[in-house]
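Hi,

Here is the model I promised to pass on to you. Have a look at it first, and then read my notes below.

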Amino acid sequence: MDLYSRSINKITIIDIVGEVNIYNATNIKELVLKKVENGENKIIINLERVNYIDSSGIGTLISCNSILSQKKGALIIENVNESIKKIFKLTQLDSILNIASNEEDAINFFKKSYY
């Protein structure tokens, strides 16, 4: 798994490439914690290039969501493929996390809620 971070209008976007699993899921949380320490509390996680996520990855997303909520921010998950959407639906993660179809929708969420 590779992580890439970029910023648009004070919104941090983390692009994930590869599988999210027990061996690497903590890397996502560590990156989010670093961003929060730098005062960044509006984060989008882009799953467009993720083809697999296990329970550790799901737990990490929930943890990141909680961290950002405590910092008066938010986490948006974008570009979720159909197989991962099914997992989110089965685990009811789709009712806990903010999920956007694409980057434009994710950014608009922050524009409406935080600007």
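**Helix α2 and its surroundings**

The buried residues of α2 pack against α1 (25–37), β3 (42–49), β4 (74–78) and α3 (82–90). Here contact means heavy atoms within 4.5 Å, and buried means under 20% relative accessible area, exposed over 50% and partly exposed in between, with a 1.4 Å probe and protein chains only. Helices (H or I, at least four residues) and strands (E, at least two) are DSSP runs, numbered from the N terminus.

Before the details, a word on the source. This is a predicted model, in which local features need pLDDT of at least 70 and side-chain atom pairs count only at pLDDT 80 or more, while totals for chains, interfaces and linings use all residues. Residues are numbered from 1 along each chain as its sequence is written, and side-chain values use heavy atoms, with hydrogens and water left out.

Back to α2, which covers residues 55–70. This helix has 16 residues and spans 23 Å from its first C-alpha to its last, close to the 22 Å expected at 1.5 Å a residue; the expected span is 1.5 Å times one less than the number of residues. Which of its residues are buried? They are Gly57, Ile58, Thr60, Leu61, Cys64, Asn65, Ile67 and Leu68. As a reminder, an α-helix has 3.6 residues a turn, so residues three or four places apart point the same way.

At the start of α2, a side-chain oxygen of Asp54 comes to within 2.9 Å of the backbone nitrogen of Ser56. I count that as a polar contact: a pair of N or O atoms within 3.5 Å, where within protein one must be able to donate a hydrogen and the other to accept it, and residues adjacent in sequence count only if both atoms are side-chain atoms.

**The α1–α2 pair**

How do these two helices pack? Their angle is about 10 degrees and their axes are 8 Å apart, which makes α1 roughly parallel to α2. Axes are lines fitted to C-alpha atoms, for helices over the stretch in contact, and angles run from 0 to 180 degrees between N-to-C directions. Angles under 35 degrees count as roughly parallel, over 145 as roughly antiparallel, 65 to 115 as roughly perpendicular and the rest as oblique. The crossing of α1 past α2 is right-handed, that is, the near helix is turned clockwise from the far one by less than a right angle.

From α1, the residues Ala25, Thr26, Ile28, Lys29, Val32, Leu33 and Val36 take part; they meet Ser56, Gly57, Thr60, Ser63, Cys64, Ile67 and Leu68 in α2. Tyr23 sits in the loop between β2 and α1 and counts as exposed, at 74% relative accessibility. Its C-alpha is 9.5 Å from that of Gly57, although the two are 34 residues apart along the chain.

**Where α2 ends**

Just after α2, Lys72 takes a positive phi of about 60 degrees. Lys72 belongs to the loop between α2 and β4 and, at 67% relative accessibility, counts as exposed.

Is Asn41 buried or exposed? At 18% relative accessibility, Asn41 counts as buried. Leaving aside residues up to four places away in sequence, Asn41 touches Leu68, Lys71, Lys72, Gly73 and Ala74. Polar atoms of the Asn41 side chain lie 3.1 Å from the backbone oxygen of Lys71 and 3.3 Å from the backbone oxygen of Lys72.

**A few other places to look**

- Asn9, in the loop between β1 (2–8) and β2 (11–17), has a positive phi near 50 degrees and is a residue other than glycine.
- Lys10 is in the loop between β1 and β2 and counts as exposed, at 71% relative accessibility.
- Lys85, in helix α3, is partly exposed, with a relative accessible area of 39%. Lys85 and Ile99 are 14 residues apart in sequence and 9.6 Å apart in space, C-alpha to C-alpha.
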